[in-house]
Amino acid sequence: MTSAERGDNDSDPLISVVVPTFERAALLPGLVTALEAQSLEDPFEVIVVDDGSTDGTADALARLAASSPLNMSIISLPTNAGPAAARNEGVRAARGRFIAFTDDDCRPASGWLAAGLRAFREGAAVVVGATQPEGQPSSPFVRVLRVDRVAWCPTANVFYRRQDVLDAGGFDADFRACAEDADLAMRVTSRTGEAWFEPDALVIHLNRGGTLRSALRIAWRWSDMPLFFKRHPQARRRLAHRRIFWKESHLPAAATILAMLASPFLWPAALIAVPHAWYRSVHRPLGPPNAPLRWVPGVMLVDITEVLACLRGSLRHRTLLL
């Protein structure tokens, strides 16, 4: 990188790593260790935004900042404002020309920052890195993230020019629990051009959860997805069915909901749920190979909860997504 690309002056870091965190004090040492192992020779800084945690995160971050060789800054928000607002605070405080976003449950590979910056040198406007889960999930209720192409630009592993984020207005805090990353990507790339996928900018994403209860809690968070498609109707071409159903599993899940509503009045209507059971037991089962059939009802319930969350968001945001 030339000196002009480093920032306002030669002492500025070239790139700023921005990480929001909430109630995950135990995960932070692993992230810091991974960032300490970065092979990048250029200076970089790490900004962690504590989004109103109450689990001892502030003390954990203070210890890490004092003991780590990283150029590390801590921002503490008085109350939980959501990941969009937390990342905006990090972007405003950043001094690097480039921003690398990741999360507290991620472990960047040693060449992560170097590979992301190399993509910018080669002409990228936005860089989406490869994300892999830490291993084979033990059940279908484990939250797994795998990114092997440009699609939704998740903030577990994405790089921007800082000025592009500012020019786009930053993350939209109307998205409280999901889709704020995809929304920003759409707004930035509409100005800069398409994002690039960089497989060498690798992040390992920790598998989280594992119980039906945790999976249902995550599924209910998707109620802001309709807002994303209302703001970006051109993205509906990515949807699974008729630009209405977000995922392929949601069509049979919606049929199961109708069956549940109709069966007390007309019992044969319960047969409408059969395609959903076949889908999750034969066509597209979740979990490890040869997963037991006892998991199928729980997986179907997660699908149903996602559809209900989207329906809730559709009513709130006045646009249909199931």
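A nonpolar core here is a set of buried Ala, Val, Leu, Ile, Met, Phe, Trp, Tyr and Cys residues joined through side-chain atoms within 4.5 Å. Keep that in mind for these close-ups of a predicted model.

**View 1. The largest nonpolar core has 56 residues.** Ile 15, Val 17, Trp 112, Leu 113, Phe 159 and Tyr 160 are the ones with the most contacts inside this core.

**View 2. Zooming in on Val 17 and what it touches.** Leaving aside residues up to four places away in sequence, Val 17 touches Leu 35, Phe 44, Glu 45, Val 46, Ile 47, Ala 100, Thr 102, Trp 112 and Leu 113.

**View 3. Helix H10 packs with helix H11.** H10 covers residues 250-262 and H11 covers residues 274-283; their axes sit 8 Å apart, at an angle of about 140°. That angle makes H10 oblique to H11, and their crossing is left-handed. On the H10 side you'll find Pro 252, Ala 253 and Thr 256, which meet Pro 275, His 276 and Tyr 279 of H11. Sorted by type, the residues of this contact are 4 nonpolar, 2 polar and no charged.

**View 4. Asp 42 in its loop.** Look for Asp 42 between helix H2 (28-36) and strand S2 (44-51). Is Asp 42 buried or exposed? Its relative accessible area is 16%, so Asp 42 is buried, the cut-off being under 20%. Pro 137 lies 95 residues from Asp 42 along the chain, and their C-alpha atoms are separated by 36 Å.

Conventions: Residues are numbered from 1 along each chain as its sequence is written. This is a predicted model: local features need pLDDT of at least 70, side-chain atom pairs count only at pLDDT 80 or more; totals for chains, interfaces and linings use all residues. Side-chain values use heavy atoms; hydrogens and water are left out. Axes are lines fitted to C-alpha atoms, for helices over the stretch in contact, and angles run from 0 to 180 degrees between N-to-C directions. Helices (H or I, at least four residues) and strands (E, at least two) are DSSP runs, numbered from the N terminus. Angles under 35 degrees count as roughly parallel, over 145 as roughly antiparallel, 65 to 115 as roughly perpendicular and the rest as oblique. A crossing is left-handed if the near helix is turned anticlockwise from the far one by less than a right angle, and right-handed if clockwise. Contact means heavy atoms within 4.5 Å. Ala, Val, Leu, Ile, Met, Phe, Trp, Tyr, Cys and Pro count as nonpolar, Asp, Glu, Lys and Arg as charged, and the others, Gly among them, as polar. Buried means under 20% relative accessible area, exposed over 50%, partly exposed in between (1.4 Å probe, protein chains only).
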